[in-house]
Every structure is written in C-alpha cells, then in structure tokens.
Amino acid sequence: MQISAPSFSWKEAVRVGVLGGAIAILISLVGMVAAFGERYIVYGWFSMGQVLFLAPILFMVSLTLRREKASTSSKTVLHSLLAGAVGGVMLAVLVLLGQVINLRAVLVNASPRLYGMLTFNQGLPAGPFVLIAVTALLGAVAGAYHLLPPRWQRTLSQAVIWLILTGLMRDLIMNIVVRWRLVGELFKTVLFASSGLQPIGAIVLLLLIGGLVYWRSGQPAGRGFSLKNQPPTIRWASIAGIVLIFLTLPQILGVYFSEILDNVMMYILMGLGLNIVVGFAGLLDLGYVAFFAIGAYTMGVLTSPELRAEPLTYWQALPFALVISFISGLILGLPVLKLRGDYLAIVTLGFGEIVRLLVLSDWLRPWLGGTQGIQLIAQPRIGSMVLNTQEELYYLFLLGVGIILFIAIRLKDSRLGRAWMALREDEDVAMAMGINHVVVKLLAFATGAVFSGLAGTIFAAKLTSVYPHSMNFLVSINVLALLILGGMGSIPGAFVGALVLIGAPELLREFAEFRYLVYGALLVTMMVTRPEGLWPEERRRLELHEAEEELKGAEPVPAS
Amino acid sequence: MAILVSKKVTKRFGGLEALSKIDLEVREQSIHSIIGPNGAGKTTFFNCVTGFYTPEEGEILFNGRNITGLSPDRVTHLGISRTYQNIRLFKNMTAVENILVGMHPHLKAGLIGSVIRPSWVVKEEREALEEAKHLLRFVGLQGRGDMLAKNLPYGEQRRLEIARALASRPKLLLLDEPTAGMNPSETQDMINFIRRLRDELGITILLIEHQMRVVMNISELITVLDFGQKIAEGTPLEIQRNERVIEAYLGRGAASGLGQVHASPAAR
Amino acid sequence: MLRMWRQRVTLTDLVIWGLGILILVGVVWGSIQTLRLGKYTLAIWYDLIITGLALGGVYALIALGYTLVYGILRMINFAHSEIFMSGAFTATFAADALYQAGWWNSYPVLSLLIVLLVAATVSATIAFSVERIAYRPLRYAPRLVPLITAIGTSFFLQYTFRGLYGSGQKGYPDMDIFQGAIVFGDVRILKTQLVAIVGAVIMMVILFSIVQYTKIGKAMRSVSEDKETAALMGIDVDRIISTTFLLGGISAGVAGILFLILFPVAHFFMGFVPGLKAFTSAVLGGIGNVPGAFLGGVLLGLLESVGPSLFLDGLGIPAPYQLKDAIAFTILVFILIFRPTGILGERMAQTKL
C-alpha cells in the first residue's frame, strides 16, 4: 500500500479513513471483535474486542501522519478527525446494513452481539452516532498526539500499550501474585477485576507507567544494561539469579501455566532446529514436522506395550529416536540437495505430507497404529520417580532446551556454522571456498532433524500417546512463523518468537481460533516491512576493534 | 614448470562455442593475463578451471594432475582460488568471517568437534583468527574486520575478496578484473598489490583484465581470446604489435583499449 | 564422455537414482500383479480413467494460475490454492440462494452463469489484491522472501474465509440437468464429469488463445522474457503482472465451480490439497508453459485415479485409495528432483552462475 501525499489533504483523509474502516470491518466480520468481547482491558469500560476494531482506524491515521513530518497546524487534527469519522461511518454502515438484511446467512459473525459491541451497546438510533463520534474523537486524538513533543508521545504510547498488556495478562499476573497474600489482596481489590483491570487500577497504572516513562526519557541516554560490562561478582550473581528463576518457574506458575511453558519450550526446541536449517543454511524446509513425527513415533513404537512385547524405557529408546531422526534427516536431505530454494521448500512440504499420509494409512497400521495412533508411551523415570506432571516434564524440556541451546550456540560460531552461512549467502562462491555443499547441507538437515526429533520424543512422553493428526503441516508453519517473527538465524529470536506466538495464544484462549489468520498476516507484514525479525541475527565481533564505525572516505564511483 | 595447463579445452552452450580448443600454459610464479573483448570467453575459461563448468572436450592439468570435471570445492582443496568480476562476498557476514570461510579447506573441526570444542579445535580457531587478522593487515583492512562485508566501500570489498581467496593458501590465484571500477590511484595500488602477492607469497597469478594499462604494466605473458578462440599469445610488447589483436579490438570500435597501450608506457 | 560420467556421478546421484528405480520397479511389479490377478473389470478401468480425466481438467485449470504467475515472476504463488477456494466457497452461497429462489433448476444455464461469474469475480479480485498488497513490494527480493509471503498469504486467506463463512462444510446443490450418465458402449460417463472435462477444455483453449494471440498475451510473454526490456519497449509491466494474476484468478474461479460440480462440498480448507496437486501438475507439464499445465493436470488426474488400483493394489497394500494423495506428492517430489523442467520443459530455464 503506497500512500504518498505531499500533505494530509481532505481526499487523503477520506482515503485513510476508508482503508482503516475496511480493515476494521474485516476484523469484525472474521469474528475477532466478538470473540474478544468478554476480554476486558478495563472492566466494564472497554474490552479487547473494542481495541481490535478501533486500533486499525487509529493505526492508519497515525501511520499516515507519521509519513508527513511537516504538518503541525490545527488542520492536522481536523483531518485526522475526518479520517476517524470516515472509518466510523463505514462500521456504522455495516451495522445499519445488518439491520436491513440478514448478513448472517453468509457471514456467520455478523451477529447482533457484534453490532452491539460496535455501537457500544447504545441501541439503534443512538448507537451508530456514538460509534462515529468515538472514532472521530480517536482520530482527532491521533492528530493531536502527532503534534505533541516526542517525549510526551513516548510517554503516552507506552502507557497505553502497557495498560493493554497488563489488562490482557491479568490471569497470569494474578496467578503469580496470589501466592503472597497481601500483594494478592491488594492486586485483587485495587488493580484487577474479574476480567481486566479495575477503572481505578487502570488510572493508577496509567499514571505510574506514564510517570516512569516520562522520567526515564528525561534521563541522559545511558548505556543499556549488559552483563559483559558488569564486574564479575554481579555477573555471576545475575546468571545464578536467572538460572534460579528458570528452576523455580513451575512452582511459581502452577500446573496450567507450566503446561503452556512446556509447549513454548517444545517449540523453542523445534525453532532452534529449524533455525539451523533455514536460518543458518538458508534451506527453507516446510516439511519439518516430519522429523518431529519420526521422533515421536520412534518413541511410541519402542516404548508402547501395545506394539512391543518388551517395551523399552524412555531413556533406552531416546538414543534410537535421535539416531533415527538423524538418519531420516540424511535420507530426506539427500534428494533435495540439488534443488533451488523454492523447489526445495515444496519438495520438503511434499515429504512432510507423504510421511503423514503413510502414518495414517491402513497399510502401516500394524506398525504405527493408523488413525488410532499409539497409546501408553513410556514416561521418563529418574530413579523411582516418573516424570508425569506438567511441572516435572518442565525440567525435561528445560534440560532439552539447555542442551540444544548449547549446541546451537557452539555450532553458530564454528567452522561448520560459517560454512552454512556462506552457503546461505552464495552457494556457488561457498563451493569455490572449498566447502563441500553436499556434506554441509546434509549436516544442517540432520542436525535440525535431531532437534526436532528430540522435541517429538518429549512430546510423546508428555501426552503418552501420538496421533497422526497432530503431525500436520500447521506445526511446520508454527515453527516457521516463530522463526520469522524472532529473526531468521537468530538464536534469541527463536525464544522471542516462541514466547509470543506459542505462549500468547494459549494465554488468550479466544485467540486460538484466529491463530493462523494472525500468523499469515504476520508472515506477510514481517516480510514486507521487517524481514530481519524482531531480534535480528547479530554477527559476533572477532577482531574486537573500537573505531570501526567511521568509514574512510566516500564510496568511489565505479568508472565505466 | 607450468602450474596450469589447458589442452584443447572446448565449452559449448547450446549451439554456441564459448571456448574452442583453448591451449594455455601458465608458468609457475608468473603473472599471466587473459584479455579479449566482451564475450570472448575469459570468465568461461575461469569457470572451467575452477570446476563450475565441465568442458565438453579437452583437459585441464594443475601441477600435472587432471582436474577436468572436478567439483569446485575439490579444485579449491588442490590449491586454486579465485575472485569474481562482480564482487561476490558473503554480504551479511563480517570481513573476518569471510576470510575464515576462505580457510575452510585447511580447518578440520566437524559437527562433533564444533560442539564439544576440544582443545585442538580451540587452538585451531585461535590460529585461524590470527591468520585472518594477518591477512586483513596484508590487504590493508586492519580495523575493518568486524564490519559486515556489504558495508565496506567498493575498493575495500575488492581487497577483502582477494584476502578471502588468499585464505585458502592457493598456489594459483585467478583474478577476474581486479581493477574494475577503480580510479587511477586505486588501480595503481592494486597493481602493486598483485605484484606483492607474487613476490612475497610466491603465488602464481592468472588474471582477466580490461584496462590495457594494467595488463601491459603487470603481465609477463598475455593470452588474447576472441569469440572463444585464442588469437594471440606473447609478451606485452609482442601483443601490442600483433595485427590480429589490433584488428579484434579496432574492429569493434574499442580503439580506446589499444590506444592506451601505446600511450601509457611512454607516459611513464 | 564416460570419464566425465565417472567424475560427475556422486553418491547423492546414486542414492537418488536408486530410490527412483526402486519406486519404478514397485510400480511396474504392482501393475503386473494387478493386471495378472484381474481384480478389476474393464468397465471399472474406464470409470477410473474418466474420473481421472475430469479431475485432471480441474487440476489443469488451477495449474494454469501457478504457471502464468511463475512464467512471469518466477515465483511460486503458494496462495493460489486459496484463490481457488475463495471463489468456490463464495459461489456456494450464491448457488444456495439461487436454489432457494427456485431458479437453480428452472433456469439452470442462467444460474450456472451467475455462479461462474461470482466465483471468477471473487477469485480474480483476491488474486489481484494479493499481488498488489503482498507481492508487489517484494518483486526484487531474494527468492525465498516472496515464497514465505505467499505461504503467509495462503494462511491469512484460509482463515479469513473460515472467519467470514464459518468453519463448517457448505453443500453445493446438485443441478437436475447434470444428473445421470451418458453411455457410449462400454464407457459410462457421468454428466457431471462430462461438464468438468468440457468446461476445462473450453477454458484452457480460451486462455491459451489469450496468451498466444492477443496483444496482452504478447506483452505477457515479453515481460516473462525480460522485465526491463519490456518496460523499455513501453509495456506497463505492473499492469501486465496484474492482468496475469487476474487471468489466473478467473481460471481458478472457474475451476472452483467445476470442482464443486464434481465434489459438491465447500469448506475453508478445500484449496490446500487440490492446490498442491495443481502445482504438481504445473511442474509435471513444465512450469511456465501453458499447454504443459494442461498435460500435467490430465496426467496427474489419471495417475491419481488409476494409480492406487493399478500399482498399489497389486503390491498388496490394503485400502490403496488412502494413499492417492501420497502418489501425487511422490510424483511432485520426484519430478522436481529428476526433471524440474517438466515434460514439456520450462519455457525459460534458470541458469546458474
């Protein structure tokens, strides 16, 4: 979408309003607004649903305003007001249209509930006008916001964002603080309602965060806190603190949130693995779930008494599972080596589907259980203790993530890691550097496969069963999306991506239905606007030189 | 004493003969140039030597060993290294990393070694880093090592590409238009630099070059290609007087090429 | 020649060829077994072939969208399967409304035209918008970037339509005039299958003529050869690319209706598998090549329909029809590995280096 206008004209205002309104209508009609209707940010005042249809209008207005730096007149406010109003009118038209004809026959989410939410439950004659008034007002606010000095802008925007986030994370925060009775009571009575924040709490929070941000942005720009700059005692203490937090996390969070954490970590495992294949070596593997399935099924076949007279234990079966994952990485890697990037993606996708179809088929049913899957898979034991609760399995995942993280970091800055990156950057030249692309690519595939296989074995142990339908293409897409959000090739990016994309949907149950819609939109937006991800890959400094920033002289113009 | 011998090498693309029966001998520790108009087959010849193309006929010997049809990575292992006409660095890697990739053939750490990192790997990496820094200094890029290759200025990218090629400790270095896009003083630096490569490191140099001034200045032997055929070979002086060469260049209105040839040695 | 062979053939090649030969032997052995045992009568074979042809026609029409876009942008438009779905899914509602109004069987031709129009319009609009919003900003990005975008678009569309129309299945009403079958001797063709085959052929001929003989088609071909040169010659490259997406969208919309006539149920996920198979068809015939798409589609339809009975049954695999998709994907994998230029050849082979 190219919006380029010299100044924010009336025509442009209408255009922006229409665009924002269109997005808002789409969000309303796919059902997101109604689904988040009960998820209050400030209890009784406004819910996430309302945020969802107001935000696009607001976003479009401020996006356009940001593009024209010059406008500082009161006209800006007026134009933004118009843009907001136009967006509101579009939504109002939807509401009115819904009264006249039965949109619901086709659009399942065009429900009275949606209309109620859009009109702030103000009934028919008044409702649409309230809606338009609100959007117009918000538009004007966006215009006025644009005229504020940067310090105030930052204060305002951060306060609002944190307010929304705190409101959304209510359950998680309450679940933690409830352990300390006094704090818990305080939070319960002042800050939080049964859903979202109390109005008073919201105001307190807004002032608190606003004040903090305002104060901090007044401070001289200090260096960010970095462990490397601290004296050794503080450094070790911080590291010990972080480790301690990770070790006690299940106790702090409880069963429900531990399970969420387990899922996040499972995807971190897969993310770190796919990061080697896609991020380091640049091989887009869309059938990554196949290795997850192979790991899980190997565990199932070897440890389930359904399929074997003498089942192995988890720990006995683990090496087999990993080796089989490794070998299948080699086998599936071999044929695709010669393919170009986009064909490789499709072939791996094909592989993933073939594996799933074979597992599902009656043909392999005697060995793999067909549609019924495999039950009674062994759970790992340590001594006499069986790891079978979510909290206990957390430690298994933590151990897995720890080991895999170590391997991933080591590989990244090694001869092999450099060879992968060279292949990603320019395959022909990498070969001319003496890199055997067959061996190096296969190692990438196989290493990624082992990581995914490991995730699969823990997954199987966690559920004590595996089913073919949990091994579908969507798993591959989850992993790919989290990598792209975090930043391809970036190890911390895999953590960030998994936390946001796997953690958030589980915290907000309403989100589950729209998960892939958001993922899809996210993939497109990230590729168009920020292909390097939220936490881009960083190159290690090897020469350790200070004065590298200033470039000596200008770039010489190539002579013809 | 020839380090590289090409015997009747022929490469076709569809019906087009990009190289036809090219005979060439590059003497050890010499600076040998290949010149010719655009599309004469110079880069194609490089691609045949380095294993990117397999010639349809003929063979290429390196130190007496037949390397025809070997894959590029194996050719590099044997001691041939190259640069590219349009600089092809690993753009999103730092300068040092680019050089470290170049050292790939004589490092040994594999998958297990990289993960476990036993003392020999640590030592190997440390030495590789030292050597990389040394190479950076050698090409005059000290202090630039941690910059991403794509952020380096043009001239430095050229030098980094050569440093990367040197990192594999080649016996024969193929340079594809090393002075392309350089101004006269940078060009002179490059000429001196190429001489140093040969004199200090004892590397044999085979280069493709368009600027006649450079070619005549630096080469000990020149091979002229035109339409995939070798039309002349000799010392700079011989080439300047060669009728066919002059015709090949003048015939295409590229008089500027040889015009400079006569002018520049006199000017020096 | 022999020397070069020995030096160029690597372990990788051996493994790949080994796998290929293994599968080929399996196919031949299975076929022989099936035919020897005579499990199926000739009439059943005819039936399978007709089914395959009808299916193949639909695949071919969808494949056209992949091929046109690939030909012009060198990009796999992964979202094309959702462009197909969007038209078909939307058209079901139109069909239902017409059925409720009683037009469906009293004015069948008009109804069909309306439904086709709805499907083609929706598909074309979506295709056009996707190109404008998601692909155009990335036209010169590295190859994987638009592919990831396309995957994202695919999911976005799938789940948007799920949100809009619901996650349930929506039936497409049968038309009385398409009931029954026509019999030629031993061969019995369902009228629905006949409609699919004839419709696909007509549509292919129209599109082929557009690409081959019209001014727009010429412009498309020149953009496909070289965008810069085409632009220099005064061709509006952006417009031509948009037109390509529109054409692909229209054919996907028509394919959607033909698909519904064969399998009268629509849902938000209906695009994925046919889309992947249509892509296989495009590659099989030679991606970027319009007649190739047709050939590939028909071949794939036949293999998928006849294959399970022909060679899987003979190998003693129970319930071979469960694996018909696996056959298609195996073909996809192997054609990309062994002959990525397809049967008729990619019109413009990529050169390395």
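**Note on salt bridges and interfaces in the predicted model**

1. Over all chains, the count comes to 39 salt bridges, a salt bridge being a side-chain nitrogen of Lys or Arg within 4 Å of a carboxyl oxygen of Asp or Glu. This is a predicted model, in which local features need pLDDT of at least 70, side-chain atom pairs count only at pLDDT 80 or more, and totals for chains, interfaces and linings use all residues. Residues are numbered from 1 along each chain as its sequence is written, chains are lettered from A and ligands numbered from 1 in the order in which they are written, and side-chain values use heavy atoms, with hydrogens and water left out.

2. One salt bridge to look at is that of B:Glu125 with A:Arg418, where the closest N and O atoms are 3.1 Å apart. B:Glu125 belongs to helix 5 (residues 119-138) of chain B and A:Arg418 to helix 17 (residues 415-425) of chain A, so this pair joins two chains. Helices (H or I, at least four residues) and strands (E, at least two) are DSSP runs, numbered from the N terminus. B:Glu125 counts as buried at 18% relative accessibility, and A:Arg418 is buried with a relative accessible area of 4%. Buried here means under 20% relative accessible area, exposed over 50%, and partly exposed in between (1.4 Å probe, protein chains only).

3. The interface of chain B and chain A holds three salt bridges by the rule. A:Asp426 forms a salt bridge with B:Arg88, and the closest N and O atoms of this pair are 2.9 Å apart. Between chain B and chain A there are also 16 residue pairs in polar contact (both at pLDDT 80 or more). A polar contact is a pair of N or O atoms within 3.5 Å; within protein, one must be able to donate a hydrogen and the other to accept it, and residues adjacent in sequence count only if both atoms are side-chain atoms.

4. On the side of chain B that touches chain A, at least two residues each come from helix 2, helix 3 (95-102), helix 4 (111-116), helix 5 and helix 6 (154-167) of chain B. Helix 3 of chain B gives the most, with five residues. By type, the residues of this side of chain B divide into 21 nonpolar, 13 polar and 13 charged. Ala, Val, Leu, Ile, Met, Phe, Trp, Tyr, Cys and Pro count as nonpolar, Asp, Glu, Lys and Arg as charged, and the others, Gly among them, as polar.

5. The contact between these chains takes 47 residues from chain B and 42 residues from chain A, contact meaning heavy atoms within 4.5 Å. About 4,100 Å² is buried between chain B and chain A, and carbon and sulfur atoms give 58% of that area. Buried area is the accessible area (1.4 Å probe) that two parts lose on being put together, summed over both. B:His104, B:Leu111 and B:Asp146 supply 17% of the area that chain B buries against chain A, more than any other three residues.

6. Within chain B, the domain assignment gives domain 1 (2-79 + 170-267) and domain 2 (93-169); such bounds come from an automatic or database domain assignment. The centres of domain 1 and domain 2 of chain B, taken over C-alpha atoms, are separated by 27 Å. Here 20 residues of domain 1 of chain B are in contact with 12 residues of domain 2 of chain B. The area buried between domain 1 and domain 2 of chain B is about 1,300 Å², with 74% from carbon and sulfur atoms. In domain 1 of chain B, the residues that lose the most area to domain 2 of chain B are B:His77, B:Pro170 and B:Phe193, together 35% of what that side buries.

7. How many salt bridges does the rule find across the interface of domain 1 and domain 2 of chain B? It finds zero. The count of residue pairs in polar contact between domain 1 and domain 2 of chain B is two (both at pLDDT 80 or more). Helix 2 (72-78), strand 7 (172-176) and helix 7 (184-201) of chain B each supply at least two residues of the side of domain 1 that touches domain 2. Helix 7 of chain B gives the largest share of that side, seven residues.

8. In chain C, C:Glu304 and C:Lys324 meet through their side chains in a salt bridge (3.8 Å, N to O). This pair links distant parts of the chain, with C:Glu304 in helix 13 (residues 290-312) and C:Lys324 in helix 14 (residues 324-338) of chain C, 20 residues apart. C:Glu304 counts as buried at 3% relative accessibility, whereas C:Lys324 is partly exposed at 28%.
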